[in-house]
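Subject: A structure for you to explore

Hi there,

Here is the structure I promised to pass on. Please open it beside this email, and I will walk you through what turned up.

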2 protein chains.
Amino acid sequence: MKWIIRVNTRTGKITKQEASAEERRWGGRLLVSKFLLREVPPTCDPLGRHNKLIIAPGLLGDTLVTTAGKFSVGGKSPLTRGVKESDVGGEAGKKMARLGIKALVLEDIPERAVTKILTITANQIALSDSPELGGKPVSETIQLLRRRFGGQVGMICIGPAGEMKMASAGVAVTDVQDVQIRYAARGGLGAVMGSKGIKAIVVDDAEAVPVQVSDEALLREASKALAQAILADPKTENRHRYGTPAILMVANEIGLLPTRNFSAGQFEKAEEIAGERIAEVIGARGGEGCSGAPCLRGCVISCSNVFPDPSGKKTVASIQYENIALLGPNCGIGDLDSIAELNRLCNEVGVDTIETGAAIAVAMEAGVISFGDAQGAKDLVRQIGQGTYLGRILGNGVVITGRVLGARRIPAVKGQAIPGYDPRALKGNGVTYITSPMGADHTAGNAFETAQSINPIGKENQVEISRRLQIRAAILDTMGLCLFTRPPFVKRPELFAHFLRGRYGWNVGYEDVQRIGIDALETEREFNRRAGVSEEFYDIPEFMREEPLPPRNSVFDLSLEEVQRIWEVKIPNDMF
Amino acid sequence: MKWIIRVNTRTGKITKQEASAEERRWGGRLLVSKFLLREVPPTCDPLGRHNKLIIAPGLLGDTLVTTAGKFSVGGKSPLTRGVKESDVGGEAGKKMARLGIKALVLEDIPERAVTKILTITANQIALSDSPELGGKPVSETIQLLRRRFGGQVGMICIGPAGEMKMASAGVAVTDVQDVQIRYAARGGLGAVMGSKGIKAIVVDDAEAVPVQVSDEALLREASKALAQAILADPKTENRHRYGTPAILMVANEIGLLPTRNFSAGQFEKAEEIAGERIAEVIGARGGEGCSGAPCLRGCVISCSNVFPDPSGKKTVASIQYENIALLGPNCGIGDLDSIAELNRLCNEVGVDTIETGAAIAVAMEAGVISFGDAQGAKDLVRQIGQGTYLGRILGNGVVITGRVLGARRIPAVKGQAIPGYDPRALKGNGVTYITSPMGADHTAGNAFETAQSINPIGKENQVEISRRLQIRAAILDTMGLCLFTRPPFVKRPELFAHFLRGRYGWNVGYEDVQRIGIDALETEREFNRRAGVSEEFYDIPEFMREEPLPPRNSVFDLSLEEVQRIWEVKIPNDMF
């Protein structure tokens, strides 16, 4: 991967230049942070001329390493007003990587609102007007593009919410057979894409030149070892069978499952929406439903699913823990079909399910509809797509929803909705929400995996754990690997250096790999410092410091001073 | 003035303690900044438990010095997220001062939404439930309270917008005969009052003990000299006759009058809405209409008016330049009766006319209604009071309106709408908007008065002028004097020291007075620094740096670096 492609969405000018030696060592999340800090004025309007949408495959994006192929979408977030990197599976990232594209940078904004598509092949990169796609839901957009470009291209697109520049809009990506819609969901990057008038990006790697790696044998060996380590982990089978919803019953048991706008940590209907129940329903209904599907080719975990309606027709793919937690219990909704339909609607409209579930619950608390009103909730998501005033309020995320509706309890940190782990019952995540340059984001350092070994409502080791997990997440997001490659991190960390040596011939050890993660975090923090959204200015929502969370009745009680020590605490190497 | 009164709106506990020696030297704006920095966590939720609403008469509030009696309302702003002090005329401040109240501090928030009133007499301070006032427009609230408390009390209250915690809600104050409704309008302090469940504050100074001043003769002499200096100034007569709208034709001529969402600086119907025209209409219609009224007793300028409808019945009092500029030309509305009615509606609903005019114009540009649609605009203001979804969007100010509606051009700095001086054609005001701790606020340092002596579209001296004016504004806001006491600042600055010596016996010179202003600004800046809203993170809206403003086709072109020099530039003493 050596090409940096820049598309000026105002002038239409497209340039393709070779990455410098320094840039070649960047990928995915690290590249996003470096480009942002170098090129985007930190205080700029996220939807204005000076922001950029940066799309970058991970460093291993063009390899066959399992789970590699996730890619980063980044820019200044309209939600957090700071750096934002959101990564995603699907096929487009692998195809970009196979075309040798290190980064695709969308710059400036058009003079007037337009609807364009960007097509990328080995030989040509072109912008074209596609007014017929204007306002189209995501799956229809994909169908229309598929008809035009055939079955082999990868696609990245936005829904109506992104076109309307709503701050909870995500960026959608197709999987191999248009079964799943994957999302770089968080932080409103769909709105940034929308501000640039780009409805979709079509990536055709048919004529890609085969990739030359530095040490094929080393890469193959490390790749095999990674797959083995993953497969040997007891959690993998669970993930394969039940997907991310496998954790729902545990989350409920710990008492951290957001319920009715974060007013409780347990939901009385948890069993009816848990991973086991999903697998059961999928099995019983048959048809298009399935479990154990990959989000991108070559993943040995394959934790995705296709959730069918009672007739066996696909409702949504894939239904995941976060979506269930926020659209389900957090809205008082305990019916799987309704949650799946809400998830589908969010995917069609093009909004983050976490942000949307949180916003709907705040609206419920404000009396717009009642908790548990699934039909009402579906109508609200449809209104987001229609751009009604209420829909626009909700589509701009939980903070704007809360402010506009005069709500007291707004579950967000740094402008972004808190995901499916109430920080009062999983304090390590609270530390991550406050200190991560991404704001409230479980993928930036999720302490859930440590909830068995570290008391989740104790204060001990939460800061250290968050730091360790944040660095690991930054490494994986830079490599383009899935967060579920945890086992080798614990048992065979040297593999990550082997990947880089095998792929690129870099003379690196695991300590250098760690430095990559730290570099990404430091670069992001510097951008945020200059943007005025340093962690020193943000805290857990006040109600979470005062209102005990049933059933364990804990509050978030790490002081800001304790939390802010995070970048200074010493962590033994074996904690990475 | 020696009493600090604290009202805990959660527990109902009320305390009255004597001010310390240090606190006694604070008043008005300086007191607000000192209390905020000392007592309010800078990153707190402005509508949560930790913010405070601070009401403080100016240092001269209990004297007969002309224009003295303005008082400060302050707190952390829900609009700018930083320090906010908004000062206002009317009678309540003088009455508080006569009761010896240095500061009234509303603390915490009630567990549930309540509607209470706070009554203050010489002998008792009490909170009481007044659910019958819930949701009532401002003038009806005043009438109901007047019936209960009689003709002599001063009142401070909020409208439905404040009760709904809308970020553009202001704090209303009665004048001597309930003719004018004066507003501490900016920054959303009405929402802070609303968050505390206080609908109104009634101040009865009937049994106040006469004030003992230190040097009666010196105070009287200085007071007389101030009045003479004001009366000797040629602008005073103009202000008395035409009010603040006297400047409208000049603003139009310079080309800085916000027109159609800041897309032009001249309005084709300027003459029809100018000060001269207003005086003419008032004269011709007679009835309740009048010009040359004071906003508080004892003002020798008396720049207020009562604008009548064609039958002579009062529409609104007082109609002022800012209100006209933002609700009129900026919305493409050139009909005085419509503008007066819009102003009246804003006063009833309880929102800042500047913020509201700016928000409506953004909504017009977004296609909600058309520019010039006065009936539509009135309906929008009514919707704010009704709390419809669109009303709630607009009531939360121009930035939320712009974001929710997906607007490109949002005329705000630091979260607050730009007032009636486009910074592209009056660059000194641009410097103030960026650097003032208050955000875009003309009263924080208005370079309009220098537009004849300093080229308003040149870059020269704009930074110096802004600094000089900001310090002066901070001094006057601390003393509780009107900004129109400019003439003695130029000709007899020593008077301001005489006031403090006469009233308090302080051994101060004019340099000490300057230090008061600088101290207020520095304290405010420190609060903002800790809140994450330092001036380094804010700029003029991007479109104002790129889009030339007709007719002079200037852009705002002082770099942020040039602007940020402001606190370091040297200004000769005679520039104060």
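Let's begin at one residue: B:Asp178 is partly exposed, with 16 other C-beta atoms within 10 Å. Here a residue is buried if 20 or more other C-beta atoms lie within 10 Å of its own, exposed if 12 or fewer, and partly exposed in between, with the C-beta atoms placed from the backbone. This is a predicted model, in which local features need pLDDT of at least 70, side-chain atom pairs count only at pLDDT 80 or more, and totals for chains, interfaces and linings use all residues. Residues are numbered from 1 along each chain as its sequence is written, while chains are lettered from A and ligands numbered from 1 in the order in which they are written.

Most residues other than glycine have a negative phi, and most peptide bonds are trans. B:Asp178 is not a glycine, yet its phi is positive, at about 55 degrees. You will find B:Asp178 in the loop between β10 (171–174) and β11 (181–184) of chain B. Helices (H or I, at least four residues) and strands (E, at least two) are DSSP runs, numbered from the N terminus.

A:Lys165 also has a positive phi without being glycine, with a value near 60 degrees. Its loop runs between α5 (160–163) and β10 (171–174) of chain A. Is A:Lys165 buried or exposed? A:Lys165 is buried, as 28 other C-beta atoms lie within 10 Å.

Two cis peptide bonds are worth a look as well. A:Ala317 and A:Ser318 are joined by one, with omega about -10 degrees, and A:Ser318 sits in the loop between β15 (314–317) and α11 (321–327) of chain A. In chain B, a cis peptide bond links B:Pro550 to B:Pro551, with omega about 5 degrees. B:Pro551 belongs to the loop between α22 (542–546) and α23 (560–564) of chain B.

**Chain A as a whole**

Chain A contains 23 helices and 17 strands. Its C-alpha atoms fill a box of roughly 55 × 55 × 50 Å, taken along the principal axes. Of the 576 residues in chain A, 62% are buried. Two residues are in contact if their C-beta atoms, placed from the backbone, lie within 7 Å. If you take the contacts in chain A between residues at least 6 apart in sequence, 72% of them join residues at least 24 apart.

**A pair of helices**

Now find helix α20 (residues 494–504) of chain A, where the buried residues are A:Leu495, A:Phe496, A:His498, A:Phe499, A:Leu500, A:Gly502 and A:Arg503. What do the buried residues of α20(A) pack against? They pack against α7 (216–232), α18 (462–479), α19 (486–491) and α21 (510–531) of chain A. Just after α20(A), A:Gly505 has a positive phi of about 75 degrees.

The axes of α20(A) and α21(A) come within 8 Å and cross at roughly 85 degrees. Axes are lines fitted to C-alpha atoms, for helices over the stretch in contact, and angles run from 0 to 180 degrees between N-to-C directions. α20(A) and α21(A) are therefore roughly perpendicular to each other; angles under 35 degrees count as roughly parallel, over 145 as roughly antiparallel, 65 to 115 as roughly perpendicular and the rest as oblique. A:Glu494, A:Phe496 and A:Ala497 from α20(A) meet A:Tyr510, A:Asp512 and A:Val513 from α21(A). By class, this contact has four nonpolar, no polar and two charged residues. Ala, Val, Leu, Ile, Met, Phe, Trp, Tyr, Cys and Pro count as nonpolar, Asp, Glu, Lys and Arg as charged, and the others, Gly among them, as polar.

**How the two chains meet**

Chain A can be laid on chain B with an RMSD of 0.0 Å by a turn of 180 degrees and a shift of 0.0 Å along the axis. That is the relation of a two-fold axis. Copies are superposed by least squares on the C-alpha atoms of residues with pLDDT of at least 70 in both.

Across the interface, 24 residues of chain A are in contact with 25 residues of chain B. On the chain A side, α15 (389–395) and α16 (397–405) each supply at least two residues. That side has twelve nonpolar, five polar and seven charged residues.

Enjoy exploring!

Best wishes
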